Amino acid sequence: FQAEDGIRDVERSRGLGDVYKRQEELYQILRLRAEDGLYTWDDSALKLISALIARDHRGDARIAIRSLFKAALRGEWLSEAIRAIVGEASREVEEMGLRELKDRDLIALYATSKNKETNKAYKAFNHYLERIEGLTLSKTAFFRILNYLQNLGFITQVRKRVGRYYTIEVDVLVNEEMIGEEVKRRFKELDIAQTLKLKDYGAST
């Protein structure tokens, strides 16, 4: 089953076989939930939710389940409504995830959202951290945080060759505007919004 033609536009770094496999897994999860707790549902809507989540949202079951809950609560199962619901659910799950991050993890995520190259991100991270906590961390500790963020699904680290050498760049997988909003919300009493703009470490525009 293919919920939409655009399913083939998935990122090249992920095989289509993996996407289809995750799509089917999500569909089975949603179908079990629907059979367990709902009087009525639309099977094609479950398949569309599964396809959208597998393709656009890293196969995150939390977003799929939240989308099902919202669709059932509203009694909306048409394609257009499902697409909007999935977008809402994704934003809510990402927002909750950001709020649950510890301060240092959030600062590291913010630094990498502004500086894809990890050496520049590390300098920015320590600049921010020193202003907030009055200390800096080693590069080993910084990469430990990046690995944690990657395990949570916030980022992915990519090894790239630059000339004769290799470097590690970070792709941020969550909404970067939401990261900035959470930083401003959490550190507003420290007037950190200005602090985070004091230096430009080669951030992409």
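Modeller: Helices here are DSSP runs of H or I with at least four residues, numbered from the N terminus, and by that numbering Glu 182 is found in helix 8. Please keep in mind that this is a predicted model.

Biologist: Is Glu 182 buried or exposed?
Modeller: A residue counts as buried when its relative accessible area is under 20%. Glu 182 touches Leu 98, Arg 99 and Leu 106, leaving out residues up to four places away in sequence. Because its relative accessibility is 5%, Glu 182 counts as buried.

Biologist: Which element gives the most residues to the largest nonpolar core?
Modeller: This core has 31 residues, and those with the most contacts inside it are Leu 109, Phe 125 and Leu 149. Two or more residues come from each of helix 5 (103-114), helix 6 (118-133), helix 7 (139-152), strand 2 (165-172) and helix 8 (176-186). The element that gives the most, with 7 residues, is helix 6.

Biologist: Which residues does Leu 149 touch, not counting those up to four places away in sequence?
Modeller: Leu 149 is one of the residues with the most contacts inside the largest nonpolar core. Once residues up to four places away in sequence are set aside, those that Leu 149 touches are Leu 101, Asp 105, Ala 108, Leu 109, Phe 154 and Ile 155.

Biologist: How many residues has the other core, which lies apart from the largest one?
Modeller: Among the members of this other core are Val 19, Tyr 27, Ala 64 and Val 93. Ala 64 is also one of the buried residues of helix 3. The size of this other core is 22 residues.

Biologist: How far apart are the end C-alpha atoms of helix 3?
Modeller: Helix 3 covers residues 61-74, which makes 14 residues, and at 1.5 Å a residue they should span 20 Å. The distance in the model agrees with that expectation, because the end C-alpha atoms are apart by 20 Å.

Biologist: What arc around the axis do the buried residues of helix 3 cover?
Modeller: In helix 3 the buried residues are Ile 63, Ala 64, Ser 67, Leu 68, Lys 70 and Ala 71. An α-helix has 3.6 residues a turn, so residues three or four places apart point the same way. The face turned away from the buried side of helix 3 carries the exposed residues Phe 69 and Leu 73.

Biologist: With which side chain does the side chain of Ser 90 make a polar contact?
Modeller: Ser 90 has its place in helix 4 (residues 79-100), and it is buried because its relative accessible area is 6%. Leaving aside neighbours within four places in sequence, Ser 90 is in contact with His 57 and Ile 63. The polar contact, at 3.2 Å, is with the side chain of His 57.

Biologist: How far apart in space are Ala 54 and Tyr 20, C-alpha to C-alpha?
Modeller: Ala 54 is found in helix 2 (residues 43-56), and it counts as buried because its relative accessibility is 0%. In sequence, Ala 54 and Tyr 20 are 34 residues apart, while in space their C-alpha atoms are separated by 7.5 Å.

Terms used: Residues numbered from 1 in each chain as written. Predicted model: local features only at pLDDT ≥ 70, side-chain atom pairs only at ≥ 80, totals over all residues. Heavy atoms only, no water. Core = buried A, V, L, I, M, F, W, Y, C linked by side-chain atoms within 4.5 Å. Buried < 20%, exposed > 50% of the residue type's maximum accessible area, 1.4 Å probe, protein only. Contact = heavy atoms within 4.5 Å. Expected span 1.5 Å × (residues − 1). Polar contact = N/O pair within 3.5 Å; in protein donor to acceptor, adjacent residues only side chain to side chain.
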